[in-house]
Amino acid sequence: MLRVHDLEHVRDGAPPTFSGVSFEIAAGSVATIAGASGAGKTTLLRCLAGLEPFQRGTIELPTLQVVANGDHRVRRGHERLRGHVGLVFQSLELFPHLSALANCVLAPMRVHRVSRADAERRAHALLEQLGLADKADAFPARLSGGQRQRVAIARALAMHPSVLLYDEPTSALDPSLRAEVVETLRRVRTTGVAQLVVTHDATLADGLADARFTLAAGALTPTAR
Amino acid sequence: MLPASCAGARTRKAVRPTDALAHELGVRARPIQAQWELLLELLGRGDFDVALNGIEAAPEKERVCRLSRPYYAAAERLTVRRDDAGAPTDLGALRGRAVGTLPSSLAERILARAGAVVRTYEGGQNEIYADLALGRTDAVLLDAPITRYYAEIDPRFRVVDGAFGEVRYAVAMRRDDAALAAAIDDALGTLARRGVLRGIYERWGLWNAETATLLGDLAPSTSTVAEAFEAWRAAVGALPPFLTRLREWYPRGQALFVRGALMTLALSFVAMGLAIPLGVLLALARTYGASPLRWLATGYIEFMRGTPLLVQLVMLYFGLPELGVTLDPFIAGALGLGLNYAAAEAENYRAGLESVPAAQLEAAWALNLSTAQAVRWVVGPQAVRVAIPPATNDFIALLKDSSLVSLITLTELTKTYVMLANATRDHLGLGLVVALWYLAIGLPFARLARRAELRLGRHLRTA
């Protein structure tokens, strides 16, 4: 579950990137956000993932609520979102020196102090669920684009996030892999994680999305069917 | 100022004043390599207790050290090229002419007074006469013993008749060592009376009228053959052919090179052992530190990179004692090299850290890793591979730069080469030998580093 209320982001000296952004995604449902390049979609995801501070509003998860204090100079607080919100980067950013499995166990072991055995057990389960059972020991350079994307998803899910964010999941892939991405979203939905997909591909999640939004001129509005 | 090769020519009888003096005092002399013009500096620093190597007995020296009674006297002799018709032959003719000699010597002061253009040489006597032969200088003014050993045996030179001044050699000690000075004066008196000094000087062909007067021993010479001098002349007069040197000389000289190589290796490894961790800290401070830390690291790096290593070594070795910190030569050398190379290493590691895309750090943050954890597990391992080639380069440069420590009395490979080459005048052949030694040390290391780099990069191969 993810609940966002009245979110505003201002970069020093510029008009707000967006303001008054409110929406909610229930556990196990999928939402999409469409919008032109430069509309602020990626910035919104970065705020939700705890990589960037926001100046007004509230982000609420089942276990955590982060309220902006309105002070530009304060650069903390939003960082608490990290790990509770998973982010699949547009460029994926797998750790190239680590195998698929090692990518998935690093954060649970170092952040949650999970034992290696437990972390690997969960990572194997996630990789298998995403159709990568035989790729656990492969380094990212040996994987296809689609396989790499699924490793990135497994790496985020290994931290037990309440919500998983995707930044343009089809942009780096061959168009023929569009169906594979939709299939992956469907599989992840069965885990009960809320999913938010930012994409310029307006019809990507047709038949899967529970809610669809458009970010334009700094405001988020439901997309008309 | 006897030639370096004398060190190897030991017999039952004392062959050098040092040995005779040590024997008389009932001690064992432990020789320490040092640059001649730094001898009094090093003596004051406590690197050794006695300096006995052609130290001129001059009143101004009494300000910095205590001098014994003179044990040898000699004339200053002028050497010119035999084929130089316009060669200067008296003091007046030296005005405006280029003349070579040793720095801070009586000869230098005589030349300066005569208005000559004085060229002084740090390296040793070979270079002084080599430049005269090449026409870079018009004359050389040096003490008679040096003239005898370097100029008289060379047919290209002519030694001008007559003395241009008289120099006396004395033993130097620290000013507060009164008891030692008294003992040495006593011992020198005894050695002179018993004719031991005279025996040594005659053996080396250095007995002269000045010394006879100084020691009050005016009896005519009994021995006419200066065996040690003849042996030296035979040795340097004709360099055996290269193949003979390769078969007979070089294998015998390897023990000295092994000692030098061990010193080079020990210095380089200790220095690198310091440079690597310090470099890592500096690179991290400069890349991820808060502003004051970043400025400190940047300041350190710029200072160390922007000033000569030689200046840093001299400051460490001769400057720190002014603040009451006197370092052992090896520690000072390794510390100086290590502190200097840490700056270079820091820049290598920074390049490595910055070669990793910033998004990798963000990906780690998004997984709730701290910056320290991200550097340790994500950025650092990727940076190491990038930093290995320039770090290898620096290690090999360090192997070579370690030769600068010969200034602070350590004898490593390069110093070994220079001393042997000066003694035997085989600069080319021994140069090849020492080059092989450096390659033998550096190449396996380069190979090892290449393998480590490939191993760390194996995950990047796509097929």
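This is a predicted model: local features need pLDDT of at least 70, side-chain atom pairs count only at pLDDT 80 or more; totals for chains, interfaces and linings use all residues.
Two strands count as paired if DSSP finds at least two bridges between them. Strand S9 (residues 172–173) of chain B is joined to S1(B) by two bridges, and the two strands run antiparallel.

This pair belongs to an open sheet of three strands in chain B, with the order S1-S9-S2 and antiparallel pairing. Strand S1 (50–51) and strand S2 (66–67) of chain B are the edge strands, each pairing on one side only.

## Chain B as a whole

Stepping back, chain B contains 17 helices and nine strands. Its C-alpha atoms fill a box of roughly 95 × 55 × 50 Å along the principal axes. Of the 463 residues in chain B, 39% are buried. If you look at contacts in chain B between residues at least 6 apart in sequence, 72% of them join residues at least 24 apart.

One loop residue is worth a look. Asn368(B) has a positive phi of about 70°, although it is not a glycine. You will find Asn368(B) in the loop between helix H14 (358–366) and helix H15 (371–401) of chain B. Asn368(B) counts as buried because 22 other C-beta atoms lie within 10 Å, and the cut-off for that class is 20 or more.

## Two domains in chain A

Now for chain A, which is divided into domain 1 (1–84 + 161–225) and domain 2 (95–160). Taken over C-alpha atoms, the centres of domain 1 and domain 2 of chain A are separated by 23 Å. Across the boundary, 14 residues of domain 1 of chain A are in contact with twelve residues of domain 2 of chain A. Helix H5 (residues 178–189) of chain A gives the largest share of the domain 1 side, with four residues. By class, that side of domain 1 of chain A has eight nonpolar, three polar and three charged residues.

His160(A) is another residue with a positive phi, about 55°, although it is not a glycine. His160(A) is placed in the loop between helix H4 (145–157) and strand S7 (163–167) of chain A. Because His160(A) has 15 C-beta neighbours inside 10 Å, it counts as partly exposed.

## The antiparallel sheet of chain A

Four strands of chain A form an open sheet in the order S2-S1-S4-S5, with antiparallel pairing. Strand S2 (18–25) and strand S5 (64–67) of chain A stand at the edges with a single partner strand each, so one side of each has no neighbour in the sheet. From one strand to the next, the twist averages 10°.

Strand S1 (residues 2–9) of chain A and S2(A) run antiparallel and are joined by five bridges. Within this pairing, His9(A) stands opposite Phe18(A) in S2(A). Helix H1 (residues 41–48) of chain A lies across S1, S2 and strand S4 (56–61) of chain A, and runs at about 120° to S1(A).

## A buried strand and the nonpolar cores

Five of the five residues of strand S8 (residues 194–198) of chain A are buried, so S8(A) is largely enclosed by the rest of the structure. Ala194(A), Leu196(A) and Val198(A) point one way from S8(A), while Gln195(A) and Val197(A) point the other way. Strand S3 (residues 30–34) of chain A pairs with S8(A) in the parallel sense over four bridges, and Gln195(A) in S8(A) is the bridge partner of Val30(A). S7(A) also runs parallel to S8(A), joined by five bridges, with Leu165(A) standing opposite Leu196(A).

Leu165(A) comes up again in the largest nonpolar core, which has 111 residues: Ala154(A) and Leu165(A) touch the most other members. Beyond its neighbours within four places in sequence, Leu165(A) is in contact with several residues, including Leu45(A), Leu48(A), Val85(A), Val88(A) and Leu196(A). A second, separate core of 64 residues includes Cys65(B), Tyr71(B), Tyr169(B) and Ala172(B).

## Where the chains meet

Finally, 19 residues of chain A are in contact with 18 residues of chain B. Helix H2 (residues 100–111) of chain A supplies the largest share of the chain A side, four residues. The chain A side divides into twelve nonpolar, three polar and four charged residues.

Methods. Residues are numbered from 1 along each chain as its sequence is written. Chains are lettered from A and ligands numbered from 1 in the order in which they are written. Two residues are in contact if their C-beta atoms, placed from the backbone, lie within 7 Å. Ala, Val, Leu, Ile, Met, Phe, Trp, Tyr, Cys and Pro count as nonpolar, Asp, Glu, Lys and Arg as charged, and the others, Gly among them, as polar. A nonpolar core is a set of buried Ala, Val, Leu, Ile, Met, Phe, Trp, Tyr and Cys residues joined through C-beta atoms within 7 Å. A residue is buried if 20 or more other C-beta atoms lie within 10 Å of its own, exposed if 12 or fewer, and partly exposed in between; C-beta atoms are placed from the backbone. Domain bounds come from an automatic or database domain assignment. Axes are lines fitted to C-alpha atoms, for helices over the stretch in contact, and angles run from 0 to 180 degrees between N-to-C directions.
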